Amino acid sequence: MQELTKRPTAPSILSTHLESTVKQFQSLMAVIVIFTEVASPIPLYGLQDLSISPAEAVLYSPETKTLPRTGELALRRAIPANTNMKTIQDSLEDISYLLRIPQRKPFGTMEGNVKKALKIATDEKASILASIPAELKEEGSVLYTSLVDGKGGLQKLLQYIKDKDPDKVSVCLASTLDTIAQLELLQAPGLSFLLPQQYLKYPRLTGRGIVEFTVEKVDGSAFSPESAGEAKSTAKIQVVIDGFSAPLTAGNFAKLVVDGAYDGMKLTCANQAILSDSEVGKTTGYSVPLEIKPAGQFEPLYRTTLSIQDGELPVLPLSVYGAVAMAHSDVSDENSSPSQFFFYLYDKRNSGLGGLSFDEGQFSVFGYTTVGRDILPQIKTGDIIRSAKMVEGQDRLVLPPQDN
């Protein structure tokens, strides 16, 4: 395998096994020191200078518990929608955490959350629907009715909670949150912020898009079949790319996909990542600035990483299995590679104590694998992207004048 230090670099791919072990040891030492300082009345002189991992502060922060742990959740939270819908969403997402409590689940608290969501949905119906563009009003009305009274809606969810049926609550909750996401996407047809003038020269994605990869094994082997399916040498992977949080990164990637830049490209597997080849032939992308939107902020930061140790967390975290991000430029870490991207194979065992990747906040994450996550661990070095197609959202791709 080529030396990755001579090409655009992805996260833990660059870290040696020794470095990973050292980081984990440092994190463990931090816990021991903190526990001892709390438990012992005797000051631990001389340990103040102990070297701790850069992720130290966030490892013990309760805020890490709120970081999205699935691509679907991260994408849903990233939608810039009506505040009433976001309040409903937050109330229902709390139920997801309550369902994880073993044995006696707090159904009373869950019931209160759903009643709160129902009250907002009914009292603020006019405001919710007013946030939807006129041409989408009819679709929005159908979704609103489904949210309140549908088979997978709030009224049904309330009934399952009263019945204390956790399995039905879980299924209905997923359906309700999916409907909320669909409504929110109607409320957010474009970017909620203005891009800096100097970045208007780059392609940009003003919403969501879906890219479908057809991955092929070239060594004669096959991907494991789905239940009752047939083993094949090709498999499909779908990635939702998010222009709401990373418009430049997602826009550059979408343009490369539309131009066919990734068709036939080889893949390389390394520690916790699957990288595309760094060479794209005649079609080249833009050297887009590093682009990361911090949680709670209105717009992305450019050319700067997040200070995770100070509690800064991204809207689109890397610490999710199947996250998709751009590698760094081989010229400067302030820029992403013009074309090389990677699938991140998050593994909690190789992360900090807060469950965060040691590379969190360092790369431009712009999407998540939503279909075919089970395919990712089956990909081997040498397998190729037979084709990459933008199956949804190409109408939201805005090209600079010279590319039109």
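**Helix pairs and buried sites in a predicted fold**

Helix 7 crosses helix 9 in a left-handed sense, that is, with the near helix turned anticlockwise from the far one by less than a right angle. The model that shows this crossing is predicted, so local features need pLDDT of at least 70 and side-chain atom pairs count only at pLDDT 80 or more, while totals for chains, interfaces and linings use all residues. Residues are numbered from 1 along each chain as its sequence is written, and side-chain values use heavy atoms, with hydrogens and water left out.

Helix 7 covers residues 137-149 and helix 9 covers residues 166-187, and the two pack with their axes 10 Å apart at an angle of about 155 degrees (lines fitted to C-alpha atoms over the stretch in contact, with angles from 0 to 180 degrees between N-to-C directions). Helix 7 and helix 9 are therefore roughly antiparallel to each other, a description used for angles over 145 degrees. On the side of helix 7, the residues that meet helix 9 are Glu139, Gly140, Leu143, Tyr144, Ser146 and Leu147, and their counterparts in helix 9 are Thr176, Thr179, Ile180, Gln182, Leu183 and Leu186 (contact means heavy atoms within 4.5 Å). By residue class, this contact of helix 7 with helix 9 is made up of six nonpolar, five polar and one charged, where Asp, Glu, Lys and Arg are charged, Ala, Val, Leu, Ile, Met, Phe, Trp, Tyr, Cys and Pro nonpolar, and the others, Gly among them, polar.

A second pair is formed by helix 4 (residues 83-98) and helix 5 (residues 107-123), whose axes come within 9 Å and cross at roughly 165 degrees. Helix 4 and helix 5 are therefore roughly antiparallel to each other, and helix 4 passes helix 5 in a left-handed crossing. Helix 4 contributes Asn84, Thr87, Ile88, Ser91, Leu92, Asp94, Ile95 and Leu98 to the contact, and helix 5 contributes Thr109, Met110, Asn113, Val114, Lys116, Ala117, Ile120 and Ala121. The residues of this contact of helix 4 with helix 5 divide into nine nonpolar, five polar and two charged.

These pairs belong to a protein with ten helices and twelve strands (DSSP runs numbered from the N terminus, helices being H or I with at least four residues and strands E with at least two). Of its 404 residues, 51% are buried, meaning under 20% relative accessible area with a 1.4 Å probe and protein chains only. Among contacts with a separation of 6 or more, 74% are between residues 24 or more positions apart.

Val211, in strand 2 (residues 208-216), counts as buried because its relative accessibility is 0%. Beyond its neighbours within four places in sequence, Val211 is in contact with Ile237, Gln238, Val239, Ile241, Phe253, Val257, Lys389 and Met390; Val257 lies 46 residues from Val211 along the chain, yet their C-alpha atoms are separated by 7.9 Å.

Thr369, placed in strand 10, is also buried, at 1% relative accessibility.

The loop between strand 9 (336-344) and strand 10 (364-371) holds Ser357, a buried residue with a relative accessible area of 2%. With residues up to four places away in sequence set aside, Ser357 touches Leu318, Ser319, Tyr344, Tyr346 and Ser351. Tyr346 is eleven residues from Ser357 along the chain, and their C-alpha atoms are separated by 7.4 Å.

How values were computed. Buried < 20%, exposed > 50% of the residue type's maximum accessible area, 1.4 Å probe, protein only. Parallel < 35°, antiparallel > 145°, perpendicular 65-115°, else oblique.
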